[in-house]
Amino acid sequence: MKEYFNLKHTFEPVWNKNSKVLVLGTFPSVKSREYGFYYGHPQNRFWKVAASITGQDVPVTTEEKKKLLLANNIALWDVISSCSIKGSSDSSIKDVVANNLIPLLDGSSITKIYANGTKAYELYMKYSYTETGIKIVKLPSTSPANAVYTLEKLVAAWSVLIDK
C-alpha cells in the first residue's frame with residue numbers, strides 16, 4: 001500500500017504577458033516530478049495534443065515545450081501548490097494549498113481557463129474560482145488513465161484552445 005507524501009510543487013508556471021488561455025492540471029505526477037516539467041509521463045498525451053492543435057511537431061525538450069505553448073499564447077500551471085498525495089493518484093489528493101493565480105492572470109491577457117480533466121476542474125472550483133471569478137471549462141484529461149478518449153477525440157475537444 002502506497003503512503004501519503006506531503007509535497008510542494010517545484011516548477012514554475014509557463015506564461016507571458018501575451019498568454020490568452022490558461023490550462024490547469026492538478027499536481028505533477030511522479031514521472032513529471034522526476035522529469036522536472038509538466039506532463040513528463042511518456043504515456044500522457046498532453047504534448048501530442050498540444051502539437052496537433054497548433055500544427056507543430058511534438059516537442060521533446062522542456063525548452064521546446066515552453067516555446068510551443070508561448071508561441072500559441074497558452075499558459076500552463078497546476079491548481080495545487082502543495083498537497084498530500086499517494087504516488088500520482090489525483091483521487092488521493094488531500095491537504096490542498098492552492099497556487100495563487102492572481103499575479104499570473106493580472107500579468108497576462110488570459111481570458112479563458114481550461115481544466116485538464118475533472119479533478120483539476122473540481123479543485124479549481126473549490127480553491128480558486130472565488131478568488132479569480134473566471135469560469136473554467138473542463139476538458140477531457142490527457143492522462144493515459146482516460147482510455148475512453150482516443151488521441152483524435154482529445155485533439156477535437158482540445159482544439160478550443162486555439163483561435164481559428
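**A guided reading of the predicted model**

About 40 Å³ of space lies in the largest cavity. A cavity is here a set of points, on a 1 Å grid over the protein atoms alone, where a 1.4 Å probe fits but cannot get out; grid points are joined across faces, edges and corners, and a volume is the space filled by probe spheres set on the points. The structure is a predicted model, in which local features need pLDDT of at least 70 and side-chain atom pairs count only at pLDDT 80 or more, while totals for chains, interfaces and linings use all residues. Residues are numbered from 1 along each chain as its sequence is written, and side-chain values use heavy atoms, with hydrogens and water left out.

The structure holds one cavity of 30 Å³ or more. Lining residues, which have an atom within 4 Å of a point, are for the largest cavity Phe46, Val49, Ala50, Ile53, Ile74, Trp158 and Leu161. This lining divides into seven nonpolar, no polar and no charged residues; Ala, Val, Leu, Ile, Met, Phe, Trp, Tyr, Cys and Pro count as nonpolar, Asp, Glu, Lys and Arg as charged, and the others, Gly among them, as polar.

Helix α2 (residues 46-54) gives the most to that lining, with four residues. Helices (H or I, at least four residues) and strands (E, at least two) are DSSP runs, numbered from the N terminus. Because seven of its nine residues are buried, α2 is largely enclosed by the rest of the structure; buried means under 20% relative accessible area, exposed over 50%, and partly exposed in between (1.4 Å probe, protein chains only). The buried residues of α2 pack against β2, α3 (62-71), β3 (74-78), β6 and α7 (151-158), where contact means heavy atoms within 4.5 Å. After α2 comes Gly55, with a positive phi near 70°.

Phe46 and Trp158 also belong to one aromatic cluster, together with Phe11, Phe37, Tyr38, Tyr39 and Trp47. Rings of Phe, Tyr and Trp (its six-membered ring) pair if their centres lie within 6.5 Å; planes under 30 degrees apart count as stacked, over 60 as edge-to-face and the rest as tilted. A search of the whole structure finds eight aromatic pairs. In one of them, the rings of Phe11 and Phe37 have their centres 6.3 Å apart and their planes at 35°, so the pair is tilted. Phe11 lies in the loop between β1 (4-8) and β2 and Phe37 in the loop between α1 (30-35) and α2, so the pair ties together parts that are 26 residues apart in sequence. Phe11 also forms an edge-to-face pair with Tyr38, at 4.9 Å centre to centre and 85° between the planes. Both Phe11 and Tyr38 are buried.

Helix α5 (residues 118-127) has Ala120, Leu123 and Tyr124 as its buried residues. They cover an arc of only 100° around the axis, which puts them on the same side of α5; the arc is that of the directions from the helix axis to the C-beta atoms. Leu123 is touched by Val96, a residue of strand β5. Val96 and Leu123 are 27 residues apart in sequence and 8.8 Å apart in space, C-alpha to C-alpha.

The largest pocket has a volume of about 530 Å³, a pocket being an open set with protein on both sides within 12 Å along at least five of seven lines. Of the 25 residues that line the largest pocket, the closest to its centre are Thr26, Asn44, Asp90, Ser141 and Ser143. The lining of the largest pocket divides into seven nonpolar, 15 polar and three charged residues.

Definitions and conventions: Lists of a residue's contacts leave out its neighbours within four places in sequence.
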